[in-house]
Structures are given as C-alpha cells and as structure tokens.
Amino acid sequence: MREVTPEYFAPVGNWQIRESVRAALGRPPERYGSLREALEAIKTRLKTPLEVALRRSTLINVATRQKTLIEFLG
C-alpha cells in the first residue's frame, strides 16, 4: 500500500516505485490468513487513518465486495 502525504511535494515517478518494490522484495514476505488481518497489520504503519484509505481505495473496495464463484453460482 502506498501512502502519499502532504510531505510528498515532488513527484519522482517510476524511480520511487521501483526502489520501493526492490526493497520489499528483498525482505521475506508477510503472510496473513485474510484481507482483514493484513489491513490490521497495515493500520499500524499508516499516518492516514485506515478508514480514510479504505474509502478511497478502489482495489480494496472491490476485493471486499466481490463474491466467490461458489457464492455467485449458489
């Protein structure tokens, strides 16, 4: 999850994203049993309240409302 705060005053483009991904892939992955568990872990690292991020995140909103195939066909 990428958080852009008021301190982010100069866009640096793909370089910052590439370096962030490189750093993340250099560490062992964190694993969670559910999306909710992962969001609880992320909450401790954000400056923005998680509720604000969730309201603005298209990906998380779709993921939390999306039905499984079994639910859809059920």
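Here is a quick tour of this chain, from its overall build down to a few single residues.

What you see is a predicted model, where local features need pLDDT of at least 70, side-chain atom pairs count only at pLDDT 80 or more, and totals for chains, interfaces and linings use all residues. Residues are numbered from 1 along each chain as its sequence is written, and side-chain values use heavy atoms, with hydrogens and water left out.

**The whole chain**

The chain has five helices and zero strands; helices (H or I, at least four residues) and strands (E, at least two) are DSSP runs, numbered from the N terminus. Read from the N terminus, the elements go α-α-α-α-α.

How big is the box that the C-alpha atoms fill? Along the principal axes, it comes to roughly 50 × 30 × 25 Å. The radius of gyration of the chain is 15 Å, while a compact globule of 74 residues would have one near 11 Å. That radius is taken over C-alpha atoms, and the globule rule is 2.2 Å times the number of residues to the power 0.38.

Of the 74 residues, 12% count as buried. Buried means under 20% relative accessible area, exposed means over 50%, and partly exposed is in between (1.4 Å probe, protein chains only). The chain exposes about 6,800 Å², with carbon and sulfur atoms supplying 58% of it; these areas come from the Shrake-Rupley method with a 1.4 Å probe.

As for charge, there are 13 positive and 8 negative side chains, and the centres of the two sets lie 5 Å apart. Here Lys and Arg count as positive and Asp and Glu as negative, leaving out His and the chain ends. Each charge is placed at NZ of Lys, CZ of Arg, CG of Asp or CD of Glu.

**Helix H2 and its partners**

Which residues of helix H2 (residues 35-43) are buried? They are Ala38, Leu39 and Ala41. Down the axis of H2, these buried residues fall within an arc of 160 degrees, so they line one face of the helix. The arc is that of the directions from the helix axis to the C-beta atoms. The buried residues of H2 pack against helix H3 (50-56) and helix H4 (58-65).

**Three residues to look up**

Arg36 is found in helix H2, Ala63 sits in helix H4, and Arg2 lies in the segment before helix H1 (14-25). Setting aside neighbours within four places in sequence, Arg2 is in contact (heavy atoms within 4.5 Å) with Tyr8 and Gln16.

Each of these residues can be paired with another one along the chain:

| Pair | Apart in sequence | C-alpha to C-alpha |
|---|---|---|
| Ala63 and Leu35 | 28 residues | 8.7 Å |
| Arg36 and Thr64 | 28 residues | 9.2 Å |
| Arg2 and Ser20 | 18 residues | 9.4 Å |

Is Arg36 buried or exposed? At 62% relative accessibility, Arg36 counts as exposed. Ala63, at 38%, counts as partly exposed, and Arg2, at 44%, counts as partly exposed too.
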